[in-house]
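Student: I have a structure to look at, and I would like to learn how to read it. Could we go through some features together?

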Amino acid sequence: IWRYSSLHDLRNIAMAITLSALLVPTVMLLWRWGVGVPRSLYVLNPLLLLLFMAGGRMVYRWFKEEWPLHEVRDQGRPVLLLAHDDASLLSLVNAFSRSHNWRCIGILEDRGSAQGRALAGAPVLGRWEDLPAIARRHGVAHVILSDSDIDHTTRRRAYALCESARAKLMLMPQVDDVMSGQVRISAVRDVELDDLLGRDPVDLDNVGIGQLLAGNVVLVTGAGGSIGSELCRQVSRYEPSLLVMLDLNEYALYTIEQEFSRLYPRTPIRCVIADVKDRSRLSQLFERYHPSVVFHAAAYKHVPMMEQENAWAAVANNALGTLRLAEVAGSYGAHKLVFISTDKAVNPTSVMGASKRLAEQVLQLWSQRSGVPTAIVRFGNVLGSTGSVVPKFKEQIARGGPVTVTHPEIRRYFMSVPEAVSLVLQSATMGGSGEIFVLDMGEPVKIVDLARDLIRLSGLTEEQIRLEFTGLRPGEKLYEELLTDSETTMPTRHRKVRIAKPTESPTSQWEQEVLRWLAQQSPVSDVDVRQTLARLLPEYRPYEQAPNVIPLTAAAKA
C-alpha cells in the first residue's frame, strides 16, 4: 500500500509525531523517568521518526513507480513544453516523466520569471521567444503547448514560433482530464485549423436552453448537413422527449441516424425524408409528432451553383420552403421557430444570398402576424461545413496541388460548427418576434492565408504545393458583411450575440407581391429571377454590378 503514499499520509504522520513529541517529554518529566535523558533527544526523536516513517514510504513509492521507467525514459522523442498555465505544469511534467513516448527536455515559460530553475526535474530554459534557438541547440522537432484551453490568439502565436523553429506544435488534451487520469500524455494531438482560427470558449445559458428543449419534441430540418447534424448532437444533450430529423437527402439522413444509434442511443429519434416545400408532407409530420421547437437549417447554399441554371430552385427552397414550414408550424401550435440565415443575405450579390434575405423578411412579417415566437440567426462561414473551402483545400493538398483560391484579397468570416450551433441555441432562448440575431464572427480571414495554413499543417511547403488564383466565381464577393446599410445592432445578455435593428420594415403590399411570385407553379428563368429579386430587394445588386466584386487581373494571378 505504500506505493500510494501521498501528502495526506505525510500530514497524518506529522500530526502523530507532533503529538508524540509533546506527550512523551511531559510524561517522562512528570514521573521522573527523564532523569539523565539528554534534552536533545526530545528534538532528535521526532525528527528521526519523521525521516524513517515518511522517507521509507517515499523511497518505496519512488522505487515502484520510477525504477521500471529508467531504462525507457531516454528513448522517447525529445520535446519542449510551452508553459502557459502554472497550475497545470507540475501535473504535466510528472506525466511526461512517466511517458514512454516523450522525453521532456525542458520548459519555456511565457513570462520567463522562473528561468534557470527546475520543476520536477525539468529545467526552465527560457521564454517562448527563445524557442527557435533552444530547439536548434537541443535538436527538438516537437513542441507541446501545455494548455489547450487558451485563447486562439495565443495558440496562433505559439504556432508562429514553432514555424520559425521548424518544429511541430502539438496540443495537450484537456488539463483536467490529464490530472484526473482520464487521458494519457500519449494522446497529444496535432494542431488543426480550428485551433488557429478557432474562437474562445462560449459560455451558454444552459438553464435557459434546457427549459426550451428538455422534455419537448424538437424538429431539425436539414439534419444531414453540417449545421443541422451538429444541432441534433447539441440538442440531444438537453434530453428532448423526441428528436425529429428531417432531410431530403437520404444518404445524409442515414449517416446521422447511424451516428445517433452508435453514440446517442438514449435519445429517441425519428428520421423523416421530406421536402420543406411540400406542405402536405409537412402537415403529416406535424400531425404525427407535434414538434414544439423547430430549427430550420435546410437550404441550398452553394453560391455559384445557385447562380446559374438553379436560381429559381434556390428561391423556391430557401424562401418558399421557409414560409411553408413556418405556416405549418404555426397552424400546429409550435412554441418556437428558429431560422438559420447567412451573412450572404446582407447586401447580397448572389441569388442564394438574396433568397435568404427574402426569407428573413417574409419570416419577420409572418411572425408578427402569427404571434409564433421566431428567431432568425445570421452568421458567416463555418469551418469544415459541406461545400466549404476547407475540405476542398484538403482534397487538393492530398492530390499534390495546386490549391485554387479565387482571389488574393477575398476574405470571409469563419467560426467552428460547434460554436455556431451553440450560439444558435443561445439565440433561441432570446428571440420572440422575428428578431435577427447576428453572431460575433470576430475578424475576417483571408482565404489565401487559410490555404497557406492548411499547407503548412499538412507538413508541406508552398514550394511543394502551388497556390493558383482562378478569379471570383458568379455571385461571389471579395468580402462579406453582417449588417445591411439600413441596420444597426443592439446588445443582448450574451456578449457574442447582438440583435440587428432595421430602420424600416416591408409593407403588407410588398408581402403580397412576394407571396404571389413564390406561389407560381411554372419555372422561372435565371434572368427573371434576378430581375424580380432586384425589384423586391433594393439592397440586392447582381454580382456584375457589385462594388466589391473586382475582376482578377494578370498581376493578381501572378
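Tutor: Gladly! Let's begin with Arg-127, which counts as partly exposed because its relative accessibility is 34%. Buried means under 20% relative accessible area, exposed over 50%, and partly exposed in between, using a 1.4 Å probe and protein chains only. Please keep in mind that this is a predicted model, where local features need pLDDT of at least 70 and side-chain atom pairs count only at pLDDT 80 or more, while totals for chains, interfaces and linings use all residues. Residues are numbered from 1 along each chain as its sequence is written, and side-chain values use heavy atoms, with hydrogens and water left out.

Student: With which residue does Arg-127 form a salt bridge?

Tutor: A salt bridge is a side-chain nitrogen of Lys or Arg within 4 Å of a carboxyl oxygen of Asp or Glu. Arg-127 makes one with Glu-129, and their closest N and O atoms are 3.8 Å apart. Glu-129 is partly exposed, because its relative accessibility is 41%. The structure holds 18 salt bridges.

Student: What can I learn from a salt bridge within a helix?

Tutor: Helices (H or I, at least four residues) and strands (E, at least two) are DSSP runs, numbered from the N terminus. An α-helix has 3.6 residues a turn, so residues three or four places apart point the same way. Here, Glu-230 and Arg-233 both lie in helix 9 (residues 226-236), three residues apart, about one turn of the helix. Their closest N and O atoms are 3.0 Å apart in a salt bridge. Glu-230 is buried, at a relative accessible area of 10%.

Student: Which residue pairs with Arg-530 in a salt bridge?

Tutor: The partner is Glu-307, with the closest N and O atoms 3.2 Å apart. Arg-530 belongs to helix 19 (residues 526-536) and Glu-307 to helix 12 (residues 303-307), so this pair ties together parts 223 residues apart in sequence. Both Arg-530 and Glu-307 are buried.

Student: How many residues of strand 9 are buried?

Tutor: Six of the six residues of strand 9 (residues 242-247) are buried, so the strand is largely enclosed by the rest of the structure. One side has Leu-242, Val-244 and Leu-246, while the other has Leu-243, Met-245 and Asp-247.

Student: And how does strand 9 pair with strand 8?

Tutor: Two strands pair if DSSP finds at least two bridges between them. Strand 8 (residues 217-221) runs parallel to strand 9, and five bridges join them. Val-220 stands opposite Met-245 of strand 9.
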